[in-house]
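Colleague: I am new to reading models of protein chains. Could you take me through one, feature by feature?

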Amino acid sequence: MASSYNAKEEDGHVAVPGGGTIQNKKPDNTAFKQQRLPAWQPILTAGTVLPAFFVIGLIFIPIGIGLYVTSNNIKEFEIDYTGTDMSSPCFNCSQSFSWNSTRPCTCALPFSLEQPFESNVFMYYGLSNFYQNHRRYVKSRDDSQLNGDTTSLMNPSKECEPYARNEKMPIAPCGAIANSMFNDTLDLYYIDPNGTRIQIPLMKKGIAWWTDKHVKFRNPGGNPNLTSAFQGTTKPINWRKPVYELDTDAENNGFINEDFIVWMRTAALPTFRKLYRIIQKKNNMTPTLPRGNYTLEVTYNYPVRSFEGRKRVILSTISWMGGKNPFLGIAYITVGSVCFFLGVVLLIIHHKYGSRNNTADIPN
Amino acid sequence: MDFSVLRNLISRYCAGEEYWVDSRTVYIGHKEPPLGADAYIPQRYPDNRIVSSKYTLWNFIPKNLFEQFRRIANFYFLLIFLVQLIIDTPTSPVTSGLPLFFVITVTAIKQGYEDWLRHKADRSINECPVDVVQEGTVVRTQSHKLRVGDVVMAREDETFPCDLILLSSSRDDGTCYVTTTSLDGESSHKTYYAVPDTMAFKTEQEVDSLHATIECEQPQPDLYKFVGRINIYKESEDPIARPLGAENLLLRGATLKNTERIYAVAIYTGMDTKMTLNYQSKSQKRSAVEKSMNAFLIVYLCILISKAVINTVLKYAWQWSPDHDEPWYNHRTEIDRERHVVIRAFTDFLAFMVLFNYIIPVSMYVTVEMQKFLGSYFIAWDKDMYDEELGEGAQVNTSDLNEELGQVEYVFTDKTGTLTENNMEFIECCVDGHVYIPHAICNGQILSAASSIDMIDSSPGGYHREHEELFFRALCLCHTVQVKEEETVDSIKRGIHQGKPTSFYISSSPDEVALVEGMKRLGYTYLRLKDRHMEILNKDDEIERFELLHVLNFDSVRRRMSVIVKSSAGEYLLFCKGADSSIFPRVVSGKVGQVRARVEQNALEGLRTLCVAYRSLSLVDYEEACHQLSDAKLALQDREQRLAQAYDLIERDFTLLGATAVEDRLQEKAADTIESLHKAGMKVWVLTGDKMETAAATCYASKLFRRSTQILELTKKRTKEQSLHDVLFDLSRTVLRQRSLSGLSVDCHDYGLIIDGATLSEVLKPSPESSGSGNYREIFLEICRNCSAVLCCRMAPLQKAQIVKLIKASKEHPITLAIGDGANDVSMILEAHVGIGIMGKEGRQAARNSDYAIPKFKHLKKMLLVHGHFYYIRIAELVQYFFYKNVCFIFPQFLYQFFCGFSQQPLYDTAYLTLYNISFTSLPILLYSLIEKHVSIETLKRDPTLYRDVAKNSLLRWPVFLYWTCLGLFDACIFFFGAYFLFDNTTFTSNGQLMTTNTQMMFGNWTFGTLVFTVLVFTVTFKLALDTHHWTWINHFVIWGSLLFYVIFSLLWGGIIWPFLNYQRMYYVFMQMLSSGPAWLSIILLITVSLLPDVVKKVLCRTLWPTATERAQSTCPCLTVEPSTIFVLSQSDSRLSF
C-alpha cells in the first residue's frame, strides 16, 4: 500500500547525493559534516533519575496538600430545582411547561446554609445531559454577526441553519446556541431570623471574559438605539423578547449582554455549570452570605425534562486556584507520593544492581 | 518486472511498426542495396533527439498532478480532502487541503525546475554540431538531425553523438582509441577495430562510395554486448559478410582519443542508444524497516477503520432516542432530516474517518524521505571514508537503504580487488619444474640471459631450453595488453627518459600487466602491436615478430585465453594461459606433475597462479580453427554459445609449458575489518573465482579462518571419492554434534566451510525427485548456518548471485550485503539486499551498479558499524515516534466522541489539527533522525559487538511497536481524562486575576481542547528530548524552538480577531487558559504523569537488563567527558581519543 511512495521513483531518475557532483573533492572536515558537533550527552540512569524523583515528590506533595486544603476551604452549596420529584416545589412548573405560555411559572425553593460564606460568592446555574458540545450545536453560530457586522446581521451564515431565518426574516442572534439560551431567572432571598425576606443583590456584570465583551461581541452599527440597529431582524424562535430587550442597561444589552456571552461559550462536556451572578462582599464585618435560611425564587422558563436534563444552582466561594477542585490536589499528592516511592525503589535497585553493572563493564 | 522492455513494446506498437523484427538492417549512407539482395525496406527509427525531460509546457500540469497523486500519501490526502469537500465533515477541507496544496506545489515547482534544466541540457546536446558525410562532402549539422544510416565523421576528443559502427580510422591499422569514462568510469583507453574491408576508406569520397548494409540486433542495454553483421556490396561480386561485435561499436558518450579522425555509421540513435537505455532505473530495493513500517501502517489503518465503525455504531445506538438525536435546542436542517438513514450513517462513517485520519502519519513518509535523502549526505561527507590515492570518498547511489546497513547478517565479499589490493606483482614462474625468480635482476637492467635468471633447479637441457623460450614468448604474446607510449604524456617526462623509449602497459586485467612486466624483467620485452604483428625484444636484443591471427578472449566461464600467432618462421602456434583447472585437463604432454606441485605450493602461499601451455598447429589445423571461429563469429544468434564451442574445440591437446605466480597483497586493514564484522555477528562469506588453495590462503591471511578453525571441505575432490549425499550428511553430522556439545562449552570450535563452484551447482541442481534436491539445499544451509566463515571458490559470476539468493530465501530471511569491485560481482551486488561497490582497478561497473560505493574494503567497517548502526537507530525511532505521537494526538479525539454525543466534534481547533504534524512536532524528530548519536563513533568502532543490539530489526519488532502504541494510548488517556476531571468534577475556572480583577470566568470546549493540545505538544516533545542522547546546539535550538513556536503561534492565533475567517472560536482562549493557575498546575502535572512510565521503564531496563549499547553508554561518558559547551560552533575534531 503506502510503500509505493517514493519521490525518486516517480521522478524517473535517481537522486545521487554526493555522487558524481563532488567527485575528486575531499569532504570538508567540519564538525557538522563529520558528525562530531560538541554535545551534551545525558543518560537516564537510576543514579541521575533518583534525585529528580525525590525532588518531584518533594515539590508535588506540598503543592498537592496546599491545593487540597485550599479546595476544602472553598464553600460550595448546590441545589437541584429541576422539579422531577412530586415533592419538589418546581414540579408543577416543570410539568406544565409550554413554549407559548405568556404567564411565567415561578417556584420558590427554601434552603439553609450551615456555614457562612465569607468572601465573594459566585452563583452558577448547572445543566446536565445538555450537549452543548454537539458538533451541530457548536458550529451553529455566526461570529461575524455577533461582532456587529451589518451584512451578517441581515444574512446570517449558513451554519446557523435551521435557526437562520424565521419566515424570511433573519434571526438575530442566529443559530442553535443563541436560540437555546438559558432563560430561567434566579433570585435569592435571605430569611432573617425574625422572618423578613431580604433580597440579596446579584451582580450581573463581570461574569463574561473581558475580551469577549469588549472585542469579540459587538452590537451592530454603532447605533446607540439598539431597536433601530436590529431593525429588520427577528428574535430567535424560543426567545420571549428580542435581543435588544435583554437588559435595560445599554452597556449590557444586545449582543454584549453578559448572560448571553456566557451562554455562547459552549461547554466542553454535557454536564456543565455557567456563571450566573456574583454576590459581592459588602464589608469586612459581615459575611457575604451568613448562615441561616434562604429562598431561591425561580422563574421557570427553561425546559429540560424532554432530554432528561437537570438544572441546578450552585453557590460557591473561590480561592486563588479557582473553584472547588479536590481532584487537582489529590492528583498532585498521588503523583508526588508515587514519585517518592519510585525514588525509593530505584534507590534500592540502584544499590543492588547498579554498582554491579558499573564495575563489570569497564572495558579492558 | 522489466519495465523498459514493456515500454519498448508498447511504444513500438503504439507507433504502428508492424514490421517489428528482431534485428534491424541499416543502409549505410541510405543507399539501397543492389537488386537481388533483400528487398529494401525503409525502416523508421527515432531520430537522434535525446529527450530526458518528462514534461512539455502543455502536459506539465495534468501529467505532474497525475504522477504526484500516484503516491499513496498524496492520494490519501486527496481522498480525505475530497470527502471533506463533498460531505459535511467536522474539520474544514483546509486542514488537509492546505498541506496537500503545499506539498503538491512545492514538488511541482521542484520538478518543473528540474525538468526545465533537463530541457536545457537536452537542447544543448541535441543542438551540438556533428559532421556528416553527404554525397562525398562533410556537412555540419545538428546532433538531433542525425538518422540511422548516416555516416558520421568524428575528430579527436569529440564525443560520439550516437552508437556508431566504426568504418575506418585515420590510423593505418583501422583501430581507434576510445575512453568510456563517462559511461562506466574506466579511464583506460580501449581499442576499437574497423572491419578490414572498410578500413581503407580514408576520405569522405571514399566513404561515400561504400555500399553496404549492416544487420544488427535491436538495441539492448548491455554495454559490452553487440552482435551484428556487415554486408559489403561490390560491383559484380557477391556481398561480403563480416561479423561485427562489441569491438566495432562506438558508444554514445564515449570520447575519441589518440586518433585523428574516424568515419563511422550510425546504427542506434536517440533513445535507442545503449547509454540512454542504461539510464533506466534499477529495480527498487526495499529495506526491512520499510517493510515493518508498512506492516505498522496496516495495523493503524485497521485501528482507524475500527474506530470509525465503533463510533458510527455507537452514535446510532445512542441516537435511538429522539431526545438524544434531536433535542429541542438542536434541530437538524430540513435537508438533513430528509436524507435516508443509510446515507446518513455512511456520511457519518466518512466524517469519523476524516476526524481520525491523522492517526495515519502521512507526514511520516515525507519525513522519512527527507531523513533518508539528507542523511545520506553524511556518508558522502565522511572524511574517514575518503581515499587520498583515489581522490574519492564514499558514494551513495540510493538513499533508500541507509538503515539496512545496520541490519546486515551476511556479508558476501569478492576476493580479488576487494579483500586484496588487486595490485599484482609477478613473483615467480616455473618452467617444467624449474623456478625463475626475477628479483635477482637489478635496476630493471636487461642483463644477459644466463646470469639474469636465478635458477633453483639446475641442469637445463636443450629440450628444456626450448621450452623456456617458448614459455617466455607465450607470456609475451598471450595477452590483450596495450602499450601506451610515452609521447602522449607531457614532453618533460620524455626528456627524463632520454633515448630509451619508455612505455607502459595498460590492460583491463592487472594480472596481465604484472605478467608482461615480469617477462620484461626476465628479458623478454613486449614492444607493440603493429600491423597485426606483435613485436618482442628477446634476451639477445633482437626483435622477433609474430603475426597475431586470432585472440580467443578471456572469459570467466572458460577461465583461460589463447592467441594464435604465426611466427616469422611460418609456424602456427596457439598459446594459452589460464587457471590450472582449465588447463590441466587439456594437456597431453609436458611435466604436469612437477608443475602441478609447484602450482599447489604457490597457491597455498596465497599467490595467484596461471598455467601456460601451447599447441603447435599445422596449416590444416589452423585453417579448420579459422573456419570454426569465423563461423561462430558470423552467427547472429547464439553467437556466444557457438564461440564457446569453437574455443572448446580449438583449445585442446596442449603441451604444458609452466606456471606463473603473481602476488596480490591484502588490502590494508582487511583482516581487522573482517574480524570486526565477525564480532558484530555477521557471517562473512568469500565468493571468488580463484582456486581453492589461493583463496584459502587469503582467508587465513585476512583472519576469516583462524588457526583454530576447523575446515570443512565440500569440493569436487571430495565428492569424487564419496557421493555428494554422503559428504553432506557427514558434514552436517559433524556440525550438529558440535552444536549439541557446545551447549556446555560455548564456541569451542568454529567451523569454516570451503565449497567450490562445481559442487555448489550440484547441491543446488534441481533434481527430478524434488524432495531430494530440497533436502540437499536444506542440509547445505544448515551446515552454513553453523559455520562462522564460508569460502566459495571457483565461482562463476552467476553462481555468486545464486548463493546470495539462496541465503536470502532461507527461512530466516537474513539481510545480505554483497561487496565487490569487478564486473563479475555485479550480479551479486544487484541480488543482495545491499550492494556495495569498491571503486577498484577493474573499472567502475561494480560501483555503478551498487547502492553504495566505497574506495576501500576497510571502509566497510565504518559504513556498517557506525553509519549503519546510526541510521537504523535513527529511523527506528523516527518510525515509532511518529506512530506514537499520532496516537497521542488522535486518541483524545476518539475519547471525546463519547462525551459529545458521537457528533464528530473535533477536540482541537482547525489550526492545531493542521499544524500539529507540519510544524509543532515535525522538526525535532527530523533533526533527531539526522544527528542522533546514542554512543560515540569511537565506541561503535572499538566495540563491534554493539552491532548485535540492533540486529534482526530489533527496534521495530512487534513488542516494541506495541510498547510505543500502549505508551501513546496511556498518554492520550492521561491528557484526556486529566482535563476531563478538571472540567467535570468541579468548575474549571479561573479568577482571572492576571487579566482583570476578580472576575470568574468560564472555560468552554475550545479551552478544553487547547489544554489537551498544549499538554500533548509538550509531552511528545519532551518524550523525544528524553530519547535524545546527543544534545548539540542544534537539538537545543530545534526542541526548545519548536515549543516556543507553539506558544507564540497560539498567542498570535488567539490574539486577534482574524479577518476573513468565519469563526473566532480561539479568540483569547490560549491567553485565558494561561492566566489561570489551575491550568498551569494541571499542565505540569499531566506532562509529568505522561512521561513517568517511560522514564521508569527506561531506568529499570537499563539497571536490570542493560543491553550492550547501554553499558557502553554508561561507561563512556565518564571517560570521554565532552565539555557541555552547547553553543560552541567551532570545529572540534581535535578531541583526544582514549
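Modeller: This is a predicted model, where local features need pLDDT of at least 70, side-chain atom pairs count only at pLDDT 80 or more, and totals for chains, interfaces and linings use all residues. Residues are numbered from 1 along each chain as its sequence is written, chains are lettered from A and ligands numbered from 1 in the order in which they are written, and side-chain values use heavy atoms, with hydrogens and water left out.

Colleague: How many salt bridges are there between chain B and chain A?

Modeller: A salt bridge is a side-chain nitrogen of Lys or Arg within 4 Å of a carboxyl oxygen of Asp or Glu. Between chain B and chain A the count is 3. One of them pairs B:D88 with A:K139, with the closest N and O atoms 3.0 Å apart.

Colleague: What is the area buried between chain B and chain A?

Modeller: The size of an interface is often given as the accessible area lost when the parts come together. Buried area is summed over both parts, using a 1.4 Å probe. Here it is about 12,000 Å², and carbon and sulfur atoms give 59% of that.

Colleague: Which cysteine does A:C93 join in a disulfide?

Modeller: A disulfide is a pair of cysteine sulfur atoms within 2.5 Å. A:C93 is joined to A:C105, S to S 1.7 Å. The torsion about their S-S bond is about -85°, so this disulfide is left-handed.

Colleague: Is A:C93 buried or exposed?

Modeller: Buried means under 20% relative accessible area, exposed over 50%, partly exposed in between (1.4 Å probe, protein chains only). A:C93 has 4% relative accessibility, so A:C93 counts as buried. A:C105, at 23%, counts as partly exposed.

Note on methods: Buried area is the accessible area (1.4 Å probe) that two parts lose on being put together, summed over both.
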